[in-house]
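Me: I'm new to reading protein structures. Can you walk me through this one, piece by piece?

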Amino acid sequence: MTPRGGACDSRFLGSNEMQRALVAALALLAAARLGAEASQPSPAIVALTLDTSGSIRPPDLERTRNLAQQLLEALPARSEVAVLTFDDESRVVAERTSNPEPIRQAILSVQASGRFTALHDALYDASRYLRDAPPARKAIVLVTDGHDENSALNLDDGLAVATESGIPVFAVGLGRVEEKSLRRIAKLTGGDYIAIGEASGSDLAARIVALEAPPPAAPVPAPAEAAELGPQESLAPVPAPRWRGPLWLLFVGAILLAGLLVFKGLSRRSAAGPAPGLDAAPDGTLVPATVPAMRPEDEPTSQDEDPSYSPTMVGAMPTSEEYLDKTITLSELPVLVVQGGPQSGLFHVLMQNSTTCLGRAKANDIVLDDVSVSGQHCRVRWENGQFVLHDLKSTNGSFVNEQRVTRHVLRPGDVMKLGETYVQFKLDRKKA
């Protein structure tokens, strides 16, 4: 007969073995999950930029919708997608989000409209939109026939932003394609050109995933004075060097040597006579030398002609070009200043090498929180030595000094009315 205690021990041992097996299984599952997550590609941020101009036929528009939905499904988890469309003007119809449902709805609602194709404006807006997004793999998927009509910007404006920001453009050509233009866009930005008949959402997603991920942000080191010391470091006294005992002997010797050198210098100076500019009085004291009075016609014009001109004075005068270059000069700085409303006082510096966009959409340089302002209302750009305002077919129009304009050369003091918001063009003074 097996003792009762022995039976209990065997059951207890069996229970321990089961627990160890369960722990091991859970550890394997956790490791597998971590491995699967590590093998997943990092998410991307994609700007779907779709041509909705009248030149896009309904079958091509349907192909665009299908390709966009395939790409949305094939991108890595947690990827963010935004939808931009362009015809007479470019616009953001769906802000970037990792939730696929609003993006899917925006894709399905895409319709052809307008008479023109603002391709260059759309490329610029999409590039700026992604440039301002958080660090991630970024790409623009541009679906268009490649023709541009009535853009306020040049092609190089958008290409400059994309290339400087490291944002590749994957150009998909459809309809009567201007293939050379689309290949140039793709080549210069590091992307690819694909014809609509050869394009697939999974292929585009694979090309985007293959892009080099941005490096992680470097941690900011804490200031040295803020570093914490351990208990021993903060309390331990600094050991004195072994040679500290005879240090006072070296110090006294240095003082005696310095005194001896000063004494010798004074002795030589007194033996040589009074210093320049001083005369010896009968009692031996030194007095300022007497300089004979000069008539105006005898007044020298340079140091060489005036023997009484103090060389010490000349040495103290900083007359080098380096000194003169430190003179502060003022230059004029062109700015746009918002006047009135919740954004009163907001100002933006205008640059000659870039275009300034104004409107209600977040992609603008100057975002105007005004419901009467269009998403892309107007732009200001440098043309032939002057800043020029371009209205972008805004709903309520652009006015300068109460006159409605479509294009206007700005002068200092001009006041623009955009919706219910006033913006003034000024030249501020700044230190050069």
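This is a predicted model: local features need pLDDT of at least 70, side-chain atom pairs count only at pLDDT 80 or more; totals for chains, interfaces and linings use all residues.

Me: Okay, let's start with one residue. In which strand is the place of Ser 90?

Reply: Strands carry the letter E plus a number, counted from the N terminus. With that naming, the place of Ser 90 is in strand E3.

Me: And is Ser 90 buried or exposed?

Reply: Buried means under 20% relative accessible area. Ser 90 has a relative accessible area of 3%, so Ser 90 counts as buried.

Me: Which residues does Ser 90 touch, not counting residues up to four places away in sequence?

Reply: We skip the residues up to four places away in sequence. What remains on the list for Ser 90 is Thr 85, Asp 121, Ala 122, Asp 125, Gln 376 and Arg 379.

Me: What is the order of the strands in the open sheet of six strands, and which strands stand at its edges?

Reply: The pairing in this open sheet is mixed, and the order is E3-E2-E1-E4-E5-E6. A strand at the edge has a single partner strand, so one side of it is left without a neighbour in the sheet. Neighbouring strands are turned by 15° against each other on average, direction ignored. The strands at the edges are E3 and E6 (193-195).

Me: How do E4 and E5 pair, and over how many bridges?

Reply: In general, strands of a sheet pair through backbone hydrogen bonds, either parallel or antiparallel. Thr 144 stands opposite Gly 173 in E5. Strands E4 (residues 137-144) and E5 (residues 169-173) pair in the parallel sense, over five bridges.

Me: Which strands does helix H6 touch?

Reply: Helix H6 (residues 179-189) packs on the sheet, and its direction makes about 165° with that of E5. The strands touched by H6 are E4, E5 and E6.

Me: Now helix H3. Why are its buried residues on the same side?

Reply: The buried residues in H3 (residues 100-108) are Ile 103, Ala 106 and Ile 107. They sit on the same side of H3 because they cover an arc of only 100° around the axis. They pack against strand E1 (44-51), helix H2 (58-74), strand E2 (80-86) and strand E3 (90-97).

Me: At what angle do the axes of H4 and H5 cross, and is H4 roughly parallel or antiparallel to H5?

Reply: The axes of H4 (residues 119-131) and H5 (residues 155-165) come within 7 Å and cross at roughly 20°. Angles under 35 degrees count as roughly parallel. The crossing is left-handed. With that crossing at roughly 20°, H4 is roughly parallel to H5.

Notes. Residues are numbered from 1 along each chain as its sequence is written. Side-chain values use heavy atoms; hydrogens and water are left out. Buried means under 20% relative accessible area, exposed over 50%, partly exposed in between (1.4 Å probe, protein chains only). Helices (H or I, at least four residues) and strands (E, at least two) are DSSP runs, numbered from the N terminus. The arc is that of the directions from the helix axis to the C-beta atoms. Contact means heavy atoms within 4.5 Å. Axes are lines fitted to C-alpha atoms, for helices over the stretch in contact, and angles run from 0 to 180 degrees between N-to-C directions. Angles under 35 degrees count as roughly parallel, over 145 as roughly antiparallel, 65 to 115 as roughly perpendicular and the rest as oblique. A crossing is left-handed if the near helix is turned anticlockwise from the far one by less than a right angle, and right-handed if clockwise. Two strands pair if DSSP finds at least two bridges between them.
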